Amino acid sequence: MCHILCLGNEIKSRAVVKYSAAPPPTTYALLREKTDLKLPPANWLRESTQLGPAGTTVLGSSSKNKPFSSFGMAYDFIDSIGNDVDVVSDSENIKKLLKIPYSKSHVSMAVHRVGRTLLLDDLDIQELFMRSSQTGDWTWLKEFYQRLVDQKWQRKKKSKEHWYQKAILSKFLYYSISGDGAAEPVPGDSASSSKGDEGCGGGELGPSWPATFTIASSDPEDSASPEEERVSMDNQYALGHVASVTKEQNLPTLFNEGENSQGLRNDFARNILWTFEDIHMLVGSNMPIFGGGRYPAVSLRLRDNNKPINILTGIDYWLDNLMCNVPELVMCFHVNGIVQKYEMIKTEDIPNLDNSKFSTRVVKDIAQNILSFLKSNCTKEGHTYWLFKASSSDVVKLYDLTTLCEETAEEKCQNPFTLPVAVLLYKVASNMMKKSQNRKHYGTIRTLLLNCVKLLDQERHPQIIASAHCMLAELFQLDEPLEDGNGESLRSGGSEDSYSEEEEEEELPEDSDENGSCSGCSNPADASRAVAVIKSVGELSVPEKYTHHIRPNYTFPVSHDKEERCRHVLGNVLRGLKAVDSTIKKESDLPAADPNTPIPLKYEDGDDSSGHNVVEKEISLLLDRVGPGQENYKHPTRSGMIPGSWQHRIKLQLFLKASKAYYVLADAAANLLKYGRALRYVKLALQCHDAYCAVSSSLHPEVLFFHSQCLSLCGDIQLMLAQNASNRAAYLEEYSYQTKEDQEILHSLHRECSCQAFNMATDLAMDPEYQLFVSCKCYEAAYELLTSGELRKLHSEQLGQVLKRLGNIRNEMGVFYMNQAAAMQTEKEGGIVCQAYCRPQSSGKKGVSAAEQEMWKKSFSCFEKGLKDFEAISDAANTALLLCNTGRLMRICAQAHCAVSEDLNRGEFSPEEALYYNKAIDYYLRAMKSLGKRESHKAVWDSVNWELSTTYFTLATLLQDYAPLSRKAQEQIEREVTDAMMKSLKYCDLQTESARQPLYQYRAATIHHRLASMYHSCFRNQVGDEHLRKQHRTLADLHYSKAVQLFLSLRDAPCELLRTQLERVAFAEFQMAGQNSTSAKLKTLLGALDIMIETHHAFQLIHKELLEEQQASAASDVAVPESPDGSASSGLNTEEVLKLIGVFEPSFSFILLHLMKLMSTSKRKPVSAKEEEAMKMYKQVYSRLLRAEKTAPLIQRVALYLQLLQQLTPNSGDSTNGAPR
């Protein structure tokens, strides 16, 4: 940091040489006194690396105006433009601006804004007006100038004195580097030189001057040459980025405007990043720098001894030294060209010289005010602003030349700044895209590109417009950019190391104007055409006069809404495609298509039996076509594009970006359950990809990966369409809709290919089976892509997801075919359903049709393939579910093999049924094994556990109800039933609290009830073997008690509980019939009565439900329908209740009657009072039971039973739970 202390104030200045074409400073030659500068030295006007362009341009040998000098620097240092640097300009322009309050000279500059950077260029009005008669470029400006600014303009030639001063300055510089006898080298001070070198420390110019003046720099970034920076900027964009200007069409060709084309080149001897206070400037300077004196760098000046140094000259010298970081000025004085003396002045002393004193703080305020004024008023990127101050005028005006040009209704090319500005906007945006991945900068990049496109004419510059739209599409892209080598960024102009030639001008007196007559008598009417006006140059000296006027630069926001972003992408893709297509002239081979005519999106009804084969063939051909091993080709594409051309590269990018945008839209629509719209978008995505494949010579692995994603999404959508067939009409309407933008993109795609490769996969079919098949084929194609070449290693996670989808779709297809088989079975049965199982129409053994068997085979094949998919990714849960579905398929096969008898009743349990049920059990056991333990996947475990228990229960029930007695012995059947029942009971999870717990309890109770009934039957039928009979009796009692216990825990099984209790009573009655002693019979009957009393709970539940039904009917004023027997229908199975009551009443009467008989005929004497009381109570209950009306409503009869049972309950007098009366 260089600190210049002036007038007690500190001015902060720091200069970093970004690039220098001059050699390291060498010692200047000290001219002898009386040397005549009017005589030319021997080396005069020869090329000199030390002087650079300064030695010749002072004579005006290359005096053509260069209005684009700042653009040359901006192109070379594109990283600094738009954000880091405030101003880019020639050092002469900076000095002119900072001297405005002190000078009466005219000021004319062109101003352009790029981001926060302002580009300033000298706009020599007279020079441009002279050229306008030849080129016509500035005619509109000349007319405006003459009409509003200076109606009597004429060019004034420069005086002889001016050229005389230029000539002796040039000769002086050549004498200073000459080694002949006319000059004498300055004697070196070895002590001071060594001290200075020591203080520099590798290029620094002493403790107060840390910056370097050589090409090398301590900062690697600062030492990078423009050529090196150009190389770094030429890195090609990847697939996700853009292709730009090609090698065949670089910037010098684009901007070829005769001699003026040289103005686009950075011709300065050095480019310096100058920080003046808080202002960062990139300036170009041609000032010669010499060595010698106390410092290793000095500037050399020639002054007429008869003319004192004025303020303008002092400011000029001071600013030159600050910008070039030169610590000392060497002044050579002459009189009429005769050298008189030398004088050395430190840079910090220049503001305090006699006759040229000025305040550095005021200069700083001027700089800040001018920058603030320009930044607050030059707000439109891409517009050319004109900063103008007439000679001897205190008013500074700012005009928007772009707006003025548009008002003249002339073409964009009439403004010569248009193309350089547009390309600079593009280059800055391109550089920001590569350097910054932060989305907060995307609004700025978008603004730059939109302004770039706005400036250009598509017919003249389609390549830049197409590239800009490609980058705009990239801004809205939602995924990470792909890597590929097909892109090429816009190249900077020129490969030569040449630099612009700027005049080293000697300051003129304050009242002179070297550029001719720019009269101060401007027309007041032009003030209304100015964007902004500084009414008096004195305002610029007021601290922070214009600082508060700075307005933030507006940027177009980048939307965060997915659909809106995709629509922006597609809009830019379409505009980019139109720009590219406009340059391709070959139309003869293209089909006649109207972009305004919708291209129909067909749908299939699925009736074509060959549809499956067509899809398989198309996808197979597609995989061959997009394979990574495809050879490069160089023949023109269908539209006439040459592979490798800029049109070819940009179109590839645009096709890919459109495909990605449609993919994102399809995914978003699928998430919103808009499957018709999703299928339309994925169809468009695949059509874009088809066009990409048609014009691409080879496919990058990431492109293949994206292709697999599209196919996978297409499979998802087809699956959802198959599962939601009820909304097919709405989906068809969504699918058939097309926007005009989509139609135009399709029209551009059809220039390259027919886009028919994916038609069968993306058509909206009416057949769910066909949709499932297409979905499966899409997943299979995605899997084939992911397992080819490098993709297998790069995207193993995506491969697992595709395998999971494959397993899922094969499970869906298996379930579909399984349900088809079940429907065929139901249809064959004629809709007649047995109480528990099927009842066929035909007699004899029911046959299985070929169609059913075909469905079984298809279903089983799908399940087997799905199992392999899930096993490949170690997905235990889905493997278990597929095994479970296979088990269900086996159960359907078993049901289809059930036998029937001659009277259409269910026949014996067949061997085929047993085979398939056992296969089902095997699959369920495999599912349990794949899960391992319940904790891993609780829901799946519980589901498999339930199905396994159900299968065992069904097998046992069929064996018990339809025992194959013709093939097996009764004992064997009983053992098999017991074994199956106990295994089913084993998988009844009674402990875990879940939604299935009541079902498990009911099933366990039913199993115990069935086992008890079986042992009950065996006990009745067993003859001879008393030990076995005793065992059967014990097992029957055990299972009856367990069944009652489980039914009691349920609130919704009163009939089952009542039936179980009545069977227990019947079991006791049967035992009593075989007993001989009165006491044994009496004991058995008392036990049966106790069981009968326990039915009180079942009748309570039945009465409660009947009462709730009656109250609900009364509340709604709806009559309770009566059953044929007069009972009210309810949620209960009243028919079942009536049957059970029909068993209950006679059994109850039988027990009471026989109890009374046995007790009255008992030989035991005397009879206790308790027994007499019991006898009396039995008689009362029996009497009421006999007198009960059999035609009374069901609820009344149940209420009576509750009263009678309550009366028989021990301690009934203390009970408060009696039945209602």
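**Entry 1: nonpolar cores.** I looked up the largest nonpolar core of this predicted model. It holds 133 residues, and Trp-386, Leu-424, Leu-449, Tyr-662 and Ile-717 touch the most other members. Helix α19 (residues 646-671) supplies the largest share of this core, with 15 residues. I noted beside this that nonpolar side chains tend to be buried together in soluble globular proteins.

I then asked which residues Ile-717 is in contact with, leaving aside its neighbours within four places in sequence. The list is Ala-666, Ala-670, Tyr-675, Ala-678, Leu-679 and Val-682. Another core lies apart from the largest one; its 125 residues include Ala-722, Met-813, Leu-1158 and Ile-1195.

**Entry 2: cysteines.** How many disulfides does a search of the whole structure find? The search returned zero. I examined two cysteines to see why. A disulfide requires two cysteine sulfur atoms within 2.5 Å. For Cys-693, the closest cysteine sulfur belongs to Cys-753 and is 8.7 Å away, so the two are too far apart for a bond. For Cys-714, the closest cysteine sulfur is that of Cys-778, at 3.8 Å, which is also too far for a bond. Cys-693 is buried, with a relative accessible area of 6%, and Cys-714 is buried at 0%.

**Entry 3: helix α37.** I checked the length of helix α37 (residues 1096-1115). Its 20 residues should span 28 Å at 1.5 Å a residue, and the end C-alpha atoms are 28 Å apart, which agrees. Buried in α37 are His-1096, Ala-1098, Phe-1099, Leu-1101, Ile-1102, His-1103, Leu-1106 and Ser-1113. I recorded that the elements covering these buried residues include α35 (1054-1073), α36 (1078-1094), α38 (1134-1160) and α40 (1194-1208).

Notes. Residues are numbered from 1 along each chain as its sequence is written. This is a predicted model: local features need pLDDT of at least 70, side-chain atom pairs count only at pLDDT 80 or more; totals for chains, interfaces and linings use all residues. Side-chain values use heavy atoms; hydrogens and water are left out. Buried means under 20% relative accessible area, exposed over 50%, partly exposed in between (1.4 Å probe, protein chains only). A nonpolar core is a set of buried Ala, Val, Leu, Ile, Met, Phe, Trp, Tyr and Cys residues joined through side-chain atoms within 4.5 Å. Helices (H or I, at least four residues) and strands (E, at least two) are DSSP runs, numbered from the N terminus. Contact means heavy atoms within 4.5 Å. The expected span of a helix is 1.5 Å times one less than its number of residues.
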